[in-house]
Amino acid sequence: MDKNLLEILACPICKGELLFDKTNQELICKFDRLAFPIIDDIPALLESRARRLGSDE
Ligand SMILES: [Zn+2]
């Protein structure tokens, strides 16, 4: 994914920064413990699309 795009993306819930998980192709908000999927290179920054992270992630 484009690194510049990543820098302008923010969590839709807390507006905090997102971390790109290359392995899972997800954007992670550590604060909310949510992972947003990237579908066809387009981040789906919707709470309804997010996956809740387990305690070991
Ligand atoms: Zn957040």
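This briefing describes the fold, the strand pairing and the nonpolar core of one protein.

The model is predicted. The protein contains 1 helix and 5 strands, and their order along the sequence is α-β-β-β-β-β. Its radius of gyration is 10 Å, close to the 10 Å that the globule rule gives for 57 residues, so the protein is as compact as a globular protein of that length.

**Overall dimensions and packing**

- Taken along the principal axes, the box filled by the C-alpha atoms of the protein is roughly 30 × 25 × 20 Å.
- Buried residues make up 19% of the 57 residues of the protein.
- Among contacts in the protein with a separation of 6 or more, 14% are between residues 24 or more positions apart.

**Strands β1 and β2**

- Strand β1 covers residues 19-21 and is joined to β2 by 3 bridges, the two strands running antiparallel.
- One of the pairings links F20 with its bridge partner L27 in β2.
- The two strands β1 and β2 form a hairpin with 4 residues between them.
- In the turn of this hairpin, Q25 has a positive phi of about 55°.

**Strands β2 and β3**

- Strand β2 also pairs with β3, in the antiparallel sense and over 4 bridges.
- Here I28 has A35 in β3 as its bridge partner.
- A hairpin is formed by β2 and β3, with 4 residues between them.
- The turn of the hairpin of β2 and β3 includes R33, which has a positive phi of about 55°.

**The two sides of β2**

- In a regular strand the side chains alternate between the two faces of the sheet.
- In β2, E26 and I28 point one way, whereas L27 and C29 point the other way.
- These four residues, E26, L27, I28 and C29, are all buried.

**The nonpolar core**

- In soluble globular proteins, nonpolar side chains tend to be buried together.
- The largest nonpolar core in this protein has 9 residues, namely C11, L18, L27, I28, C29, L34, A35, F36 and A50.
- The elements giving two or more residues to this core are β2, residues 26-29, and β3, residues 34-39.
- I28, a member of the core, is in contact with L18, L19, D21 and A35 when its neighbours within four places in sequence are left aside.

Notes:
Residues numbered from 1 in each chain as written. Predicted model: local features only at pLDDT ≥ 70, side-chain atom pairs only at ≥ 80, totals over all residues. Rg over C-alpha atoms; globule rule 2.2 N^0.38 Å. Buried ≥ 20, exposed ≤ 12 C-beta atoms within 10 Å, placed from the backbone. Contact = placed C-beta atoms within 7 Å. Core = buried A, V, L, I, M, F, W, Y, C linked by C-beta atoms within 7 Å. Pairing = 2+ DSSP bridges.
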